[in-house]
Amino acid sequence: LRLTKSKTATSNFLVIAHRGASGYTPENTMAAFKKALELKADYIELDVQMTKDGKLVVIHDSNVSRTTNSEGEVKDFTYQELKKLDAGQWFHMKFSGQRIPSLQEVISEFHGKLGLLIEIKNPNLYPNIAEVLADELKKNNLHNLENNEVIVQSFDFELLQRFNKLVPNIPLGLLVKYRVHGISNVQLKEWSTLVQYINPNKALVTKKLVKRIQSYKLKVMPYTVRDMKSIKGLLDAKVDGIVTDYPDYFKK
Ligand code: G3P
Ligand code: CA
């Protein structure tokens, strides 16, 4: 497994392909995840939502209109209906025929080849999404891994608390978008009782903040990196990894 083999004690920096290699391929499709693997990303990041009939599917928006040839809410489609949509054409005609993957398809194809950073989207729209995801990960025997090959992240701390009660051994990440009053130590202390990663918007990152977060034994993997200059700045700030649309930029 690349994740464990290629990482040495001195090189633990993680390159995470945001929605797959979404700079080159239509986000959150099998083509995007395959490209991430080709570009030797350590992880793929993917967004999970739920169909009308309770199936977990991999798509960023709660509505299909931006990334498919149809329109409507994911929650109003059955899985079978959703599978008919084209999820590649919008990006480029050469990706025509790409479908919205189920989470199960991504796990079956990519677990063991690179790490999975799974983001739970819109818990307000899918009241039982934590339970359904926990069941799916258990079914695949991914709930008691000794390494961090599967990480679950969300912007919603309470959702992560609920999820953790169901599957206490799955490593967790808290996404942080913007905070008017910054991130307090009280906050960090509370978060560190539950999660292993704080994944902030890259605009929030300063050397000082990274140091403070890491002093709570938390790792920092900011999103979303799309240019070389930001990579340099983040490396300088000593982050633990980056979430990027271009997983090859880091090596360059
Ligand atoms: O992994 C972080 C990032 O994916 C969060 O933002 O909107 O791309 O899901 P978004
Ligand atoms: Ca995401």
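A residue counts as buried if 20 or more other C-beta atoms lie within 10 Å of its own, as exposed if 12 or fewer do, and as partly exposed in between, with C-beta atoms placed from the backbone. Keep that rule at hand for the legends below. The model is predicted, so local features need pLDDT of at least 70 and side-chain atom pairs count only at pLDDT 80 or more, while totals for chains, interfaces and linings use all residues. Residues are numbered from 1 along each chain as its sequence is written, and chains are lettered from A and ligands numbered from 1 in the order in which they are written.

**View 1. Lys 238, a lysine with a positive phi.**
Lys 238 is not a glycine, yet its phi is about 65°. Look for Lys 238 in the loop between helix 9 and strand 9 (241-244); helices (H or I, at least four residues) and strands (E, at least two) are DSSP runs, numbered from the N terminus. Is Lys 238 buried or exposed? Lys 238 counts as exposed because it has 12 C-beta neighbours inside 10 Å.

**View 2. Lys 40, in the loop between helix 2 (30-38) and strand 2 (43-50).**
Here is another residue other than glycine with a positive phi, this time near 65°. Lys 40 has 15 C-beta neighbours inside 10 Å, so it counts as partly exposed.

**View 3. Gly 112, in the loop between helix 4 (103-110) and strand 4 (115-120).**
Gly 112 is partly exposed, because 13 C-beta neighbours lie inside 10 Å. How far apart in space are Gly 112 and Ile 242? From C-alpha to C-alpha they are 20 Å apart, and 130 residues separate them in sequence.

**View 4. Ile 44, a buried residue of strand 2.**
With 29 C-beta neighbours inside 10 Å, Ile 44 counts as buried. Which residues does Ile 44 contact, leaving aside neighbours within four places in sequence? They are Ala 17, Gly 20, Phe 33, Ala 36, Phe 110, Leu 114, Leu 116 and Leu 117, where contact means that two C-beta atoms, placed from the backbone, lie within 7 Å. Ile 44 and Leu 117 are 73 residues apart along the chain, and their C-alpha atoms are separated by 6.0 Å.

**View 5. The largest nonpolar core, with 68 residues.**
A nonpolar core is a set of buried Ala, Val, Leu, Ile, Met, Phe, Trp, Tyr and Cys residues joined through C-beta atoms within 7 Å. Those with the most contacts inside this core are Ile 16, Tyr 43, Ile 44, Ile 198 and Ile 242. Beyond residues up to four places away in sequence, Ile 16 touches several others, including Ala 41, Tyr 43, Leu 117, Met 221, Ile 242 and Val 243.

**View 6. Strand 6 (residues 172-176), paired with strand 7 and strand 5.**
Why is strand 6 largely enclosed by the rest of the structure? The reason is that 5 of its 5 residues are buried. Leu 172, Leu 174 and Val 176 cover one side, and Gly 173 and Leu 175 the other. Strand 5 (residues 150-154) pairs with strand 6 in the parallel sense over 3 bridges; two strands pair if DSSP finds at least two bridges between them. Ser 154 stands opposite Leu 174. From strand 5 the chain passes through helix 6 (residues 157-166) to strand 6 in a right-handed β-α-β crossover. Right-handed means that, with the strands pointing away from the viewer, the path from the first strand over the helix to the second runs clockwise.

**View 7. Strand 7 (residues 197-200), with both faces covered.**
Tyr 197 and Asn 199 are buried on one side, and Ile 198 and Pro 200 on the other. Strand 6 runs parallel to strand 7 and is joined to it by 4 bridges. Gly 173 has Tyr 197 as its bridge partner, and Leu 175 stands opposite Asn 199. Strand 7 also pairs in the parallel sense with strand 8 (residues 219-220), over 2 bridges, and Val 220 is the bridge partner of Ile 198. The crossover from strand 7 through helix 8 (residues 207-214) to strand 8 is right-handed.

**View 8. The surroundings of ligand 1.**
Which residues surround ligand 1? They are His 18, Glu 45, Asp 47, His 60, Glu 119, Leu 175, Asn 199, Tyr 223, Thr 224 and Val 243, and a residue is near the ligand if its C-beta atom, placed from the backbone, lies within 6 Å of it. This shell divides into 3 nonpolar, 4 polar and 3 charged residues; Ala, Val, Leu, Ile, Met, Phe, Trp, Tyr, Cys and Pro count as nonpolar, Asp, Glu, Lys and Arg as charged, and the others, Gly among them, as polar. Tyr 223 and Thr 224 are joined by a cis peptide bond, with omega about -25°. Thr 224 lies in the loop between strand 8 and helix 9 (228-236).
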